[in-house]
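Subject: Structure handover

Hi there,

As promised, I am passing the structure over to you, and my notes follow below it.

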Amino acid sequence: QVQLVESGGGLVQAGGSLRLSCAASGVIFSINAMGWYRQAPGKQRELVARITKGGSTNYADSVKGRFTISRDNAKNTVSLQMNSLKPEDTAVYYCNADGVTTFGGGGAYWGQGTQVTVSS
């Protein structure tokens, strides 16, 4: 069974930084893409940043230039460095692993979510 465990959320003032980390565990042969999504109260979950196994990245327009996603394929981990945080970045952030190959199949998996709160 594949599990994603996130860490690094918290409370920060506007303009500050946080780093989120996510580790995938279980019997994993490969992961195509890993990424971060967020969901603010009353809003739909949205993509923040995504990185493929080959290192290709894409970001939401709202975070370009402020957030950086990175990945360690050997350790099945993904991180999100968030700088110049704004109150509108406040949300629950979810780690996602897509195209996972494991015993008996695979698919997409989600972490439990970590709260990021940016105060003005």
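First, a word on elements: helices (H or I, at least four residues) and strands (E, at least two) are DSSP runs, numbered from the N terminus.

Two notes on the source. This is a predicted model, in which local features need pLDDT of at least 70 and side-chain atom pairs count only at pLDDT 80 or more, while totals for chains, interfaces and linings use all residues. Residues are numbered from 1 along each chain as its sequence is written, and side-chain values use heavy atoms, with hydrogens and water left out.

**The whole chain**

Of the 120 residues, 39% count as buried. Here buried means under 20% relative accessible area, exposed means over 50%, and partly exposed is in between (1.4 Å probe, protein chains only). The chain exposes about 6,100 Å², with carbon and sulfur atoms supplying 47% of that area; accessible areas come from the Shrake-Rupley method with a 1.4 Å probe, and for residues only the protein chains shown count as cover.

Contact means heavy atoms within 4.5 Å. Among contacts between residues at least 6 apart in sequence, 55% join residues at least 24 apart.

**The disulfide**

The structure holds one disulfide, which is counted when a pair of cysteine sulfur atoms lies within 2.5 Å. Cys22 and Cys95 form it, with their sulfur atoms 2.1 Å apart. Cys22 sits in strand S3 (residues 18-25) and Cys95 in strand S9 (residues 91-102), so the pair ties together parts that are 73 residues apart in sequence. The torsion about the S-S bond is about -85°, so this disulfide is left-handed. Both partners are covered: Cys22 is buried at a relative accessible area of 2%, and Cys95 is buried at 0%.

**Around strand S8**

Val78 is in strand S8 and is buried, with 0% relative accessibility. Not counting residues up to four places away in sequence, Val78 touches both cysteines, Cys22 and Cys95, and its other contacts include Leu20, Met34, Trp36 and Ile51. Val78 and Leu20 are 58 residues apart in sequence, yet their C-alpha atoms are 8.4 Å apart in space.

Ser79 is in strand S8 too, and is buried at 11%. With residues up to four places away left aside, Ser79 touches Arg19, Leu20, Ser21, Trp36, Thr68, Ile69 and Ser70.

Back to Ile51, which is buried at 7% relative accessible area. Beyond its neighbours within four places in sequence, Ile51 is in contact with Val78, and also with residues including Asn32, Ala33, Met34 and Ile69. The C-alpha atoms of Ile51 and Lys75, 24 residues apart along the chain, are separated by 15 Å.

**Two loop residues with positive phi**

Most residues other than glycine have a negative phi. Asn76 has a positive phi of about 55° although it is not a glycine. Asn76 is in the loop between strand S7 (67-72) and strand S8 (77-82), and is buried at 16%. Ser84 likewise has a positive phi, near 50°; Ser84 lies in the loop between S8 and S9 and is partly exposed, at 41%.

Which residue has Ser84 among its contacts? Ser17 does, together with Val12, Gln81, Met82, Asn83 and Leu85, leaving aside neighbours within four places in sequence. Ser17 is in the loop between strand S2 (10-13) and S3, and is partly exposed, with a relative accessible area of 39%. The C-alpha atoms of Ser17 and Arg66 are 9.5 Å apart, and the two residues are 49 apart along the chain.
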